[in-house]
Amino acid sequence: MSCGRNFQKTEVEKRVILEKMRKRGCRITKQRMTILDVMLSRECSSCKEICYYVAKKDSGIGQATVYRMLNVLEEEGIISRSNMYRITAAQEG
């Protein structure tokens with residue numbers, strides 16, 4: 001049952017993050033959704049690792065796209081590079 005709870009938590013975090021991005025004026029693209037799904041599904045310690053898992057899901061997403069997405073997430077306070085690219089803040093506000 002905890003797997004279901006984790007899924008629900010991840011979906012809530014995802015909705016909150018997407019809302020923050022929309023408020024900032026970011027388009028929510030298929031590529032951004034894929035990157036976000038990867039980041040929410042596993043703990044990655046580097047951009048290279050994120051790129052690896054993203055490429056497994058969609059080989060058309062390049063490293064530059066991942067870096068741009070990470071910059072957007074960091075500017076919004078959702079991730080911290082000092083925290084190994086983990087989602088740190090997905091709270092309404």
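Lys57 is found in helix α3 of this predicted model. With a relative accessible area of 54%, Lys57 is exposed. Beyond its neighbours within four places in sequence, Lys57 is in contact with Thr34, Asp37 and Val38. Between the C-alpha atoms of Lys57 and Ile35 there are 9.2 Å, although 22 residues separate the two along the chain.

Asp37, one of the contacts of Lys57, leads on to another lysine. Lys14 forms a salt bridge with Asp37, and the closest N and O atoms are 2.7 Å apart. This pair links distant parts of the chain, since Lys14 belongs to helix α1 and Asp37 to helix α2, 23 residues apart. Lys14 counts as buried because its relative accessibility is 13%, below the 20% limit for that class. Asp37 is partly exposed, at a relative accessible area of 26%. Residues up to four places away in sequence aside, Lys14 touches Met33, Leu36 and Leu40 as well as Asp37.

The protein chain has four helices and two strands, and their order along the sequence is α-α-α-α-β-β. Of its 93 residues, 35% are buried. The chain exposes about 5,900 Å², and carbon and sulfur atoms supply 47% of that area. Among contacts with a separation of 6 or more, 48% join residues 24 or more positions apart.

The interior comes next. In soluble globular proteins, nonpolar side chains tend to be buried together. Here the largest nonpolar core holds 22 residues, and Val66 and Leu73 touch the most other members. At least two residues of this core come from each of α1 (2-23), α2 (30-41), α3 (47-57) and α4 (63-75). Leu73 is in contact with Ile17, Met21, Met39, Ile78 and Ile79, leaving aside its neighbours within four places in sequence.

The structure holds four salt bridges, and the pair of Lys14 and Asp37 is one of them. Another joins Glu75 to Arg24, with the closest N and O atoms 2.0 Å apart. Glu75 is in helix α4 and Arg24 in the loop between α1 and α2, so that this pair links distant parts of the chain, 51 residues apart. At 54% relative accessibility Glu75 counts as exposed, while Arg24, at 35%, counts as partly exposed. Arg24 and Glu75 also belong, together with Glu76, to a network of salt bridges.

A further salt bridge is formed by the side chains of Asp58 and Lys30, at 2.8 Å from N to O. Because Asp58 lies in the loop between α3 and α4 and Lys30 in helix α2, the pair ties together parts that are 28 residues apart in sequence. Asp58 counts as buried at 15% relative accessibility, whereas Lys30 is exposed, with a relative accessible area of 57%.

Aromatic rings complete the picture. The structure holds one aromatic pair. It is formed by Tyr52 and Tyr53, whose ring centres are 5.0 Å apart; the planes stand at 75 degrees, so the pair is edge-to-face. Tyr52 is partly exposed at a relative accessible area of 47%, and Tyr53 is partly exposed at 22%. Arg42 lies over the face of Tyr53, 3.8 Å from the ring centre.

Note on methods: Residues are numbered from 1 along each chain as its sequence is written. This is a predicted model: local features need pLDDT of at least 70, side-chain atom pairs count only at pLDDT 80 or more; totals for chains, interfaces and linings use all residues. Side-chain values use heavy atoms; hydrogens and water are left out. Buried means under 20% relative accessible area, exposed over 50%, partly exposed in between (1.4 Å probe, protein chains only). Contact means heavy atoms within 4.5 Å. Accessible areas come from the Shrake-Rupley method with a 1.4 Å probe; for residues, only the protein chains shown count as cover. A nonpolar core is a set of buried Ala, Val, Leu, Ile, Met, Phe, Trp, Tyr and Cys residues joined through side-chain atoms within 4.5 Å. Rings of Phe, Tyr and Trp (its six-membered ring) pair if their centres lie within 6.5 Å; planes under 30 degrees apart count as stacked, over 60 as edge-to-face and the rest as tilted. A charge sits over a ring if NZ of Lys or CZ of Arg is within 6 Å of the ring centre and within 35 degrees of the ring normal.
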